[in-house]
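Colleague: I have this model open beside its sequence. Could you give me a close look at a single part and how its surroundings are arranged?

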Amino acid sequence: MHVATHTNVIVPIFSGGGTRFPAHIGCLKALEEMQLNFPALVGVSGGSIIAALYACGYSVAEMKALAEETDFKQFADFSIIRLIREGGLSNGNKFENWLDEKLHGVTFNCLPTPLHILATDINGGGPVLFNQKLTPELKVATAVRYSMSIPLVFSFKEFDDQVLVDGAILSEDELFKDWLHDGTPSVCFRLKSTASKQPRKKRNRFPLPVYLLMLIRAFMNALSREYVHAEYWQHTVVINTGDISAIDFKANHHAKEQLFNVGYNTTRMILPKKLAHVQSYRG
């Protein structure tokens with residue numbers, strides 16, 4: 001097998017995030033300033049939004065403007081009836097339609113940059129991959145919707161005999177495969193939240209939605225802090241988004257700017273050390 005020798009080529013993996021995806025835009029800004037090239041991208045959960053937009057040709061400035069002008073609350077059309085009938089507070093249709101419009105209805109076989117998106121089959125199949133080779137005619141927005149199926153927030157989606165939920169619920173081995181088949185190193189930009197006590201509002205007559213969101217927030221925070229295997233530590237950049245939750249649909253301009261900055265600053269500070277270690281290890 002040919003082993004890549006270019007020191008400025010990586011495959012970035014944008015993992016997790018939910019509504020915190022502006023942090024991944026900051027990561028991309030740093031990667032461009034560091035003059036790193038990536039002939040392919042990998043997206044998981046909220047990270048798949050940014051991977052898809054970039055693979056479709058959006059610039060960092062365009063993505064940042066899009067994140068700032070988009071009101072995330074439009075995607076939180078929550079309904080307890082829908083939760084019972086469809087397995088999620090929201091069916092995710094508004095989000096998928098919004099993204100499909102931004103991507104101009106593009107399918108995998110029409111992308112200028114190769115893109116891999118991961119979801120999880122909770123019907124026992126483990127990680128599920130969408131890309132040009134496996135699903136050429138599938139709309140990219142649909143694959144992102146599959147990967148964004150945060151349990152209980154967005155309804156699970158069916159694809160063939162698979163029941164798909166959030167791509168962040170998968171094994172690390174699937175993330176760190178040799179995506180280009182030439183030894184090009186993968187670097188995972190993984191978002192981490194810090195649990196913080198939220199102010200309790202006056203008790204609602206129908207407390208179930210509030211309790212469910214508290215439970216989901218705790219679950220997503222725990223998932224983001226999941227142990228990183230030592231084998232992949234030098235290929236992982238952990239970005240601490242503080243107390244900004246993966247399901248913060250009310251994120252304002254200040255929060256979005258904070259996310260962008262922490263993604264940018266962490267990447268500029270940590271990634272050179274990681275890449276130096278990887279290059280040294282590869283000899």
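Modeller: What follows goes from a helix pair to a helix elsewhere in the chain, and then to single loop residues. This is a predicted model, so some limits apply: local features need pLDDT of at least 70, side-chain atom pairs count only at pLDDT 80 or more, and totals for chains, interfaces and linings use all residues. Residues are numbered from 1 along each chain as its sequence is written, and side-chain values use heavy atoms, without hydrogens or water.

The helix pair comes first. Helix α1 covers residues 22-33, and helix α3 covers 60-69. (Helices are DSSP runs of H or I, at least four residues; strands are E, at least two.) Their axes lie 10 Å apart, at an angle of about 165°. (Axes are fitted to C-alpha atoms over the stretch in contact; angles run from 0 to 180 degrees between N-to-C directions.) α1 and α3 are therefore roughly antiparallel (over 145 degrees). On the α1 side, the contact involves P22, I25, L28, K29 and E32. On the α3 side, V60, M63, K64 and A67 meet them. Contact means heavy atoms within 4.5 Å.

α3 also has a part in covering helix α5, residues 93-102. Within α5, F95, E96, W98, L99, D100 and K102 are buried. (Buried is under 20% relative accessible area, exposed over 50%, partly exposed in between, with a 1.4 Å probe and protein chains only.) The cover over these buried residues includes α2 (47-55), α3 and α6.

Just past the end of α5 sits H104. H104 has a positive phi of about 60°, yet is not a glycine. Its loop runs between α5 and β4 (115-121). H104 counts as exposed because its relative accessibility is 67%.

S45 is another residue to check. Its phi is positive too, about 55°, and S45 is not a glycine either. S45 lies in the loop between β2 (41-44) and α2. With 1% relative accessibility, S45 counts as buried.

S149 counts as buried because its relative accessibility is 0%. The side chains of S149 and R145 make a polar contact of 2.7 Å. (That is an N or O pair within 3.5 Å, one able to donate a hydrogen and the other to accept it; sequence neighbours count only if both atoms are side-chain atoms.) The S149 side chain also reaches the backbone oxygen of Y146, at 3.1 Å. Neighbours within four places in sequence aside, S149 is in contact with F154, S155, K157, L164, V165 and D166.

Terms used. Angles under 35 degrees count as roughly parallel, over 145 as roughly antiparallel, 65 to 115 as roughly perpendicular and the rest as oblique.
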